[in-house]
Amino acid sequence: MVDAPTVLGWDGWRALDEESSARHLAEALEALVAAGTLADQPVEPLARRLSGR
């Protein structure tokens, strides 16, 4: 994980993250909002904050 941005380049690393873990986090947050576990809110900013992006 530490070497990935160096090996792939920052843009490549971010693109892979967006396609995988960031997408899964956003989907999980959307499910929590839909279930009423989380307050209705924009999911993208919350996902970015939680993942440290």
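The following legends describe close-up views of a predicted model.

Local features require pLDDT of at least 70 and side-chain atom pairs count only at pLDDT 80 or more, whereas totals for chains, interfaces and linings use all residues. Residues are numbered from 1 along each chain as its sequence is written, and side-chain values use heavy atoms, with hydrogens and water left out.

View 1. Helix 3 comprises 15 residues (21-35) and spans 21 Å from its first C-alpha to its last, close to the 21 Å expected at 1.5 Å a residue (the expected span is 1.5 Å times one less than the number of residues). Helices are DSSP runs of H or I with at least four residues, numbered from the N terminus. The buried residues of helix 3 are Ala22, Ala26, Leu29 and Val33 (buried, under 20% relative accessible area; exposed, over 50%; partly exposed, in between; 1.4 Å probe, protein chains only). Seen down the axis of helix 3, these buried residues fall within an arc of 65 degrees, so they line one face of the helix; the arc is taken over the directions from the helix axis to the C-beta atoms. Helix 2 (10-19) and helix 4 (43-51) are among the elements that cover them, contact being heavy atoms within 4.5 Å. Ala34 and Ala35, on the other side of helix 3, are exposed. Gly36 follows the helix and has a positive phi, near 85 degrees.

**View 2. The salt-bridge network of Glu18, Glu44 and Arg48.** A salt bridge places a side-chain nitrogen of Lys or Arg within 4 Å of a carboxyl oxygen of Asp or Glu. Arg48 pairs with Glu44 at 3.2 Å, N to O; the two are four residues apart in helix 4, about one helical turn. Salt bridges that share partners join Glu18, Glu44 and Arg48 into one network. Glu18 and Arg48 meet at 3.6 Å, N to O, and this pair links distant parts of the chain, with Glu18 in helix 2 and Arg48 in helix 4, 30 residues apart. Glu44 is exposed at 51% relative accessible area, whereas Arg48 is partly exposed at 32%.

**View 3. The salt bridge between Arg23 and Glu27.** The side chains of Arg23 and Glu27 meet at 3.3 Å, N to O. Both lie in helix 3, four residues apart, and are separated by about one helical turn. Glu27 is partly exposed, with a relative accessible area of 39%, as is Arg23 at 38%.
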